[in-house]
Amino acid sequence: MQYLSLENVSRFYGEKVLFDNVNLSISKGDKIALVAKNGSGKSTLLRVIAGEEGSDGENAKILISKDIRIAILRQEPVFDPEATILEAVLDSDNEAIRAVADYEKAVLAGDEALMHDCVSKLDDLKAWDLESRIMEVLHRLKLKDMSRKTGELSGGQAKRLALAKILIEEPDFLILDEPTNHLDIEMIEWLEFYLQGPNVTLFMVTHDRYFLENICNEIIELDNGKIFVYRGNYTQYLEKREARLANETANLDKTRKLYSRELEWMRRQPQARSTKAKSRMDDFYEIKEKASVKREGDEIRIPILTSWLGSKILEAHNVGKRFGDTVILDGFTYKFKRGERVGIVGPNGTGKSTFLKILTQQMQPDSGKVVVGDTIVFGYYTQEGLKLSEDKTVIDVIRDIADFIPLEKGQKITAEALLEKFLFPRPQQRVYVSQLSGGEKRRLYLLTVLMKNPNFLILDEPTNDLDIITLNVLEDYLMDYQGCLVIVTHDRYFMDKLVDHIFVLEGGGSVTDFNGSYSEFRSRKKEEDRSKPSASAITIAEEPENKGRATFEQRKDFARLEKEIKKLEERKAEINTLFEDASLGHDRIIELSSELEKINNQLSEKEIRWFELAEMM
């Protein structure tokens with residue numbers, strides 16, 4: 001079944017062509033990713049596919065099936081700030097979800113009559129499994145305090161709530177804009193498994209390359225206003241893209257050689273020209289236009305000079321840090337070596353950013369000390385550090401640091417040339433920062449960090465909002481980087497490619513030094529988890545966040561028990577009535593007595609459980 005079809009669709013932003021004459025088809029079961037540089041029109045194309053925007057070109061057709069439900073995950077979702085997490089999730093046009101919402105309200109109001117009506121409706125809609133799924137999705141995305149107001153959530157938590165809402169509603173067609181942003185590794189791996197399902201149809205933008213590798217069966221690249229379709233996963237995309245670019249380069253070289261020959265002929269021609277010569281002149285101008293095409297290089301070398309590194313790098317001696325009862329570090333000791341590459345991983349809330357601030361002496365430890373070598377020049381990229389002047393142009397931001405940047409072997413490079421190497425062409429350098437996309441701003445900020453020639457580079461979540469092209473450029477630079485490198489990231493691909501070992505912050509102040517890649521660490525951890533007793537025996541209700549509040553599964557049990565107890569009591573009354581019959585035979589009396597004993601035992605067990613659940617309710 002075809003869900004969507006685009007024919008000759010174009011969008012322009014002023015004089016800039018975002019995409020031109022795009023043709024695209026999406027069918028049931030497709031899992032498609034869109035790859036493009038930041039600022040090239042990815043989000044606009046997502047809105048066109050979602051039916052929220054049209055085409056600027058003539059003769060365009062946007063055909064979307066009327067029989068499907070579409071949901072789009074936005075970068076910055078909006079909720080009623082006074083609504084709770086649970087109310088936001090249950091605010092839906094889906095009849096089954098509305099039935100769950102009605103039941104939830106009846107429970108909170110303590111209205112037993114309304115509760116019984118809602119139970120019947122849930123039974124009719126077979127929606128009890130939906131309750132369990134709602135709880136599982138919220139739990140997986142670590143949204144456990146369901147009574148919390150959405151206005152109190154951080155941007156990352158709001159993004160997770162929007163993702164939870166979409167997954168719970170189970171639309172026919174998912175459109176996801178950077179779904180892995182603000183998710184930790186466990187959440188990403190769970191979402192990856194979920195989206196691999198055969199009934200999921202999706203179109204997404206993501207920079208997570210393992211995500212692309214494991215989920216997608218088609219990748220679309222938006223390049224210079226045109227789209228190129230590649231069947232297969234990320235590995236196959238890289239191979240086919242390289243072949244396309246090589247072919248384009250070869251054709252461009254041939255065109256330029258032909259242009260050189262034609263230019264020489266044009267210069268030899270007299271003023272008076274024959275009809276044949278004029279025809280050749282027309283061909284010449286067409287060749288000139290094709291030969292003037294300039295491809296922006298995706299693979300570049302950023303030859304910024306790294307400051308000299310002395311023998312003493314960075315040392316931590318018995319460092320301790322806590323906030324109240326939360327212990328971040330407890331007796332951490334380590335000496336960094338020249339050229340060391342370390343990744344830092346751990347669940348959210350274990351203090352990764354605090355750890356970095358202590359290493360850079362932006363925060364003092366409670367005990368122990370950090371010693372920084374005299375030659376150390378820190379380059380510190382943080383999510384909070386993105387504070388560029390919106391009223392300045394791109395080139396002015398760089399010139400405020402330096403007009404010329406020292407390179408290796410005593411050479412220098414101008415600010416304009418450096419920006420070009422970092423994928424900011426000359427026309428874009430005159431653009432104001434306020435006009436840049438989020439990813440372009442992060443790329444510019446990253447360049448300002450690298451320009452200061454650091455020899456100890458710390459990157460805290462550098463991959464958020466960066467496109468895959470930029471990530472490849474950054475990785476190429478970091479592969480050749482001669483200084484010390486410390487990385488905090490949820491991007492598994494980025495981590496595996498660049499670090500030699502990882503510090504694992506496990507909570508409670510414990511830091512484990514694992515000698516290997518992140519993927520190797522996860523494999524080891526999964527093996528260890530399999531050898532431990534299953535955690536599935538521990539119900540969600542036993543977690544501290546849910547004490548004093550019945551879960552959906554418990555409410556389901558409560559409603560079921562009420563029905564079962566009622567039936568048992570009715571049968572018990574029937575048996576007692578039968579015993580009043582004087583003509584009842586001996587065998588029948590024994591049979592009914594045995595049944596009555598079983599009923600009494602069952603009633604006793606079920607009533608105890610009913611009282612436990614009633615107390616939670």
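Which residues is Met204 in contact with, leaving aside its neighbours within four places in sequence? I looked it up and found Ile32, Ala33, Leu34, Leu176, Pro179, Phe211, Leu212, Ile215 and Cys216. Contact here means heavy atoms within 4.5 Å.

Before going on, a note to myself on the model. It is predicted, so I keep in mind that local features need pLDDT of at least 70 and side-chain atom pairs count only at pLDDT 80 or more, while totals for chains, interfaces and linings use all residues. Residues are numbered from 1 along each chain as its sequence is written, and side-chain values use heavy atoms, with hydrogens and water left out.

**Whole chain**

I counted 20 helices and 20 strands in the protein chain; these are DSSP runs numbered from the N terminus (helices H or I, at least four residues; strands E, at least two). Of the 617 residues, 47% are buried, meaning under 20% relative accessible area with a 1.4 Å probe, protein chains only. I also checked contacts between residues at least 6 apart in sequence: 68% of them join residues at least 24 apart.

**Cores**

Next I went to the largest nonpolar core, which has 63 residues. Such a core is a set of buried Ala, Val, Leu, Ile, Met, Phe, Trp, Tyr and Cys residues joined through side-chain atoms within 4.5 Å. Met204 turned up again here, with Leu141 and Leu195, as the residues with the most contacts inside this core. Helix α3 (residues 95-109) gives the most to this core, eight residues. Apart from it I found another core, of 48 residues, including Leu407 and Met495.

**α3 and α4**

I then followed α3 to helix α4 (residues 112-125): their axes come within 9 Å and cross at roughly 160°. That makes α3 roughly antiparallel to α4, a label for angles over 145 degrees. The axes are lines fitted to C-alpha atoms over the stretch in contact, with angles from 0 to 180 degrees between N-to-C directions. On the α3 side I noted Ala99, Val100 and Tyr103 among the residues making the contact, and on the α4 side Cys118, Leu122 and Leu125 among them.

**Leu122**

Is Leu122 buried or exposed? Leu122 is buried, as its relative accessible area is 0%. Not counting residues up to four places away in sequence, Leu122 touches Ala99, Val100, Tyr103, Ala127, Trp128 and Glu131. Leu122 and Tyr103 sit 19 residues apart in sequence, and I read 8.3 Å between their C-alpha atoms.

How values were computed. Buried < 20%, exposed > 50% of the residue type's maximum accessible area, 1.4 Å probe, protein only. Parallel < 35°, antiparallel > 145°, perpendicular 65-115°, else oblique.
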